[in-house]
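Visitor: Hi, I've got this one open and would like a quick tour. Can you walk me through it?
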Amino acid sequence: MSRIEACFNAIKEQNKKALIPFITAGDPSTDISLDLMHELAAAGADIIELGIPFSDPMADGPVIQRASERALLKGTNSDDVFDIVKEFRKRNDTTPIVLMGYLNPIEVMGYTKFAEKAANAGVDGLIIVDSPPEESEELLTALKPYGIDQIFLISPTTRDERIDKICEVASGFLYYVSLKGVTGSKQLDVDAVSKKVNQIRSKTSLAIGVGFGIKDAHTAEAVGRVSDAVVVGSALVERIAEHAEDSEKMKKEISSFIGSLRNALDSL
Amino acid sequence: MPEAIKNTNTESLKSMPDERGHFGPYGGRFVSETLMGPLEELEEAYKKYLNDPEFMAEYEYELKHYVGRPSPLYHAKRWSEELGGAQIYLKREDLNHTGAHKVNNTVGQALLAKRMGKRRIIAETGAGQHGVATATVAARYGMECIVYMGAEDIKRQAINVYRMKLLGATVIPVEAGSKTLKDALNEAMRDWVTNVDDTFYIIGTVAGPHPYPAMVRDFNAIVGREAREQCQEQTGRLPDSIIACIGGGSNAIGLFHTFLDDKEVAIYGVEAAGDGIETGRHAAPLNAGQVGVLHGNRTYLVEDSYGQIIETHSISAGLDYPGVGPEHAWLKDIGRVKYVSATDDEALKAFHDLTLIEGIIPALESSHALAYTSKLAPEMDKDAIIITNLSGRGDKDIHTVASLEGITV
């Protein structure tokens with residue numbers, strides 16, 4: 001059984017909601033990213049999304065764009081991202097790691113080589129924002145022998161027949177983008193999210209995570225009520241940026257923030 | 001009706017892309033899920049209206065009476081004589097309203113936006129030419145217009161920024177990344193993904209997700225159709241060579257497309273070599289890039305070994321882009337078009353030569369095509385014919401050229 005599958009089985013058994021924090025690899029440094037991942041797991045993260053920095057992050061708002069820029073300025077590349085995961089796995093062999101990013105760094109490395117390196121490092125899934133099912137044949141084929149899930153997104157503009165198509169190729173879990181917009185946007189409409197999540201639920205047995213626009217315990221709780229998992233990115237990355245100069249304070253802040261989301265979800 | 005739509009003969013090089021927007025391995029639709037639905041909707045509208053006689057009649061009316069088409073095919077006799085070889089004919093896209101080929105496309109897309117009931121127009125711009133062409137049609141059709149422009153480019157192109165403001169557009173500076181065209185495109189995509197219900201994104205070049213590369217080509221293909229006809233009228237035959245500059249590649253594909261099946265016509269696309277390809281400071285993905293995915297399509301890119309996009313360099317802001325339209329990537333691989341390059345210095349020399357010898361001030365973008373023309377023409381017979389796309393006029397570049405000579409205008 002894959003780590004992601006085991007994770008969602010456990011969540012279901014305990015009648016819990018999964019908490020999925022996102023950080024950008026290499027922001028503010030690869031060492032601190034590794035420390036933060038352990039902090040996240042200890043504070044109650046069920047799955048960790050690790051961003052592969054990219055020069056042109058078209059689907060991201062300013063907060064995650066700047067995180068990408070900071071990581072690239074430090075010279076963080078795809079191999080560094082694999083190294084972080086490899087190090088993480090030395091002390092944690094259960095928390096699933098999902099890499100999130102854009103297709104070009106994978107194109108350039110080569111699909112098979114990327115899949116092989118990701119598997120060796122201990123990566124469990126991939127979310128590639130600009131690779132919809134129509135363009136993912138090659139990537140899916142490369143990932144399959146390594147048991148790495150490609151996690152697809154569904155958005156408010158996804159028509160009914162497309163949801164079917166996406167559910168057909170998806171594995172791991174489904175990621176519902178809660179709003180039209182980029183990461184870190186503000187206008188979250190929980191009723192609309194609930195409606196769409198139920199529509200998706202009628203078509204698949206996969207767990208459904210919801211991301212974009214979740215910024216605190218209150219929004220996490222509201223979204224947790226209608227989904228299986230809650231993804232939080234910009235709000236976390238913002239806190240990392242705020243304490244870039246003091247990594248001890250940063251870790252404390254991150255740990256208490258994730259703890260507050262964990263409590264909110266566990267109160268459901 | 002554009003030939004790309006009409007043609008169903010699969011033997012023809014003009015039948016691309018396939019129904020999923022691929023030109024061989026290139027093109028496609030690499031975007032976030034939120035844009036997949038809107039792109040399908042756009043594709044449906046584009047296919048419907050480009051086969052709709054009423055729509056096409058309105059488009060052609062606007063091109064004739066508002067843009068000023070057909071643009072002349074001008075025999076540059078003095079320059080041809082000076083170079084001592086082939087006869088050079090210039091396709092005068094510089095004489096269009098707003099001063100470049102860009103308006104052919106913005107008129108088409110704005111009419112499409114109107115048909116689709118979208119009243120808010122967004123666009124990206126580098127040098128400001130596409131921004132001006134978009135602001136112009138938005139004014140003409142009474143639409144709200146937002147133009148994204150890199151903060152660096154805004155500094156370099158103050159006149160075009162003011163021109164867009166006069167036309168009623170809002171120009172939004174983009175501070176992210178390298179603060180140039182590619183970042184403006186990212187930002188326009190972010191706007192579109194947020195305001196997708198009422199917004200039409202007018203992309204200015206033959207890049208972006210399907211159907212943009214095909215649609216922008218079809219709206220520019222009028223350039224080649226006119227040139228082919230005018231050449232036959234004036235000389236009784238087809239040209240031996242045709243030449244255009246390539247940034248994203250919209251003026252080039254506009255000229256090339258009609259000629260793709262004319263095997264006897266040699267086709268040359270000229271990329272910006274900046275300080276020289278060997279210096280690494282260039283904007284020549286077809287000559288010195290590798291394949292990747294950016295801005296919704298697979299194509300050749302200027303990027304590093306980990307797939308991060310590298311800042312490009314060219315004296316011409318309109319060519320200063322790390323990617324290139326996917327159809328060009330395909331035409332390169334199959335060998336139908338030869339992609340060459342011209343440096344900043346070569347383009348500048350051609351800029352001055354054409355100005356002094358023919359009394360035509362060319363855009364710095366078009367000057368790259370002229371630079372290669374001046375290399376090729378002397379190697380050809382005197383009765384050979386070259387058509388070069390003079391894609392824009394150079395008024396906007398006067399400050400750039402003057403400052404290189406230490407003159408403040």
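Visitor: Which residues in H2(A) and H4(A) meet?
Guide: From H2(A), Thr30(A), Ser33(A), Leu34(A), Met37(A) and His38(A) meet Asp80(A), Ile84(A), Glu87(A), Phe88(A) and Arg91(A) of H4(A), contact being heavy atoms within 4.5 Å. That H2(A)-H4(A) contact has four nonpolar, three polar and three charged residues. Ala, Val, Leu, Ile, Met, Phe, Trp, Tyr, Cys and Pro count as nonpolar, Asp, Glu, Lys and Arg as charged, and the others, Gly among them, as polar.

Visitor: Before I go on, what sort of model is this?
Guide: It's a predicted model, where local features need pLDDT of at least 70 and side-chain atom pairs count only at pLDDT 80 or more, while totals for chains, interfaces and linings use all residues. Residues are numbered from 1 along each chain as its sequence is written, chains are lettered from A and ligands numbered from 1 in the order written, and side-chain values use heavy atoms, leaving out hydrogens and water.

Visitor: Over to chain B. How many strands form the open sheet there?
Guide: Six, in the order E3-E4-E14-E9-E10-E13, with mixed pairing; two strands pair if DSSP finds at least two bridges between them. E3 (73-75) and E13 (337-343) of chain B are at the edges with a single partner strand each, so one side of each has no neighbour in the sheet. Ignoring direction, neighbouring strands are turned by 30° against each other on average.

Visitor: How does E3(B) pair with E4(B)?
Guide: E3(B) and E4(B) (residues 87-92) pair in the antiparallel sense over three bridges. Within that, Tyr74(B) has Leu90(B) as its bridge partner.

Visitor: And which strands does helix H14(B) touch?
Guide: H14(B) (residues 326-333) packs on the sheet, touching E9 (241-246) and E13 of chain B, and its direction makes about 110° with that of E13(B).

Terms used. Helices (H or I, at least four residues) and strands (E, at least two) are DSSP runs, numbered from the N terminus. Axes are lines fitted to C-alpha atoms, for helices over the stretch in contact, and angles run from 0 to 180 degrees between N-to-C directions.
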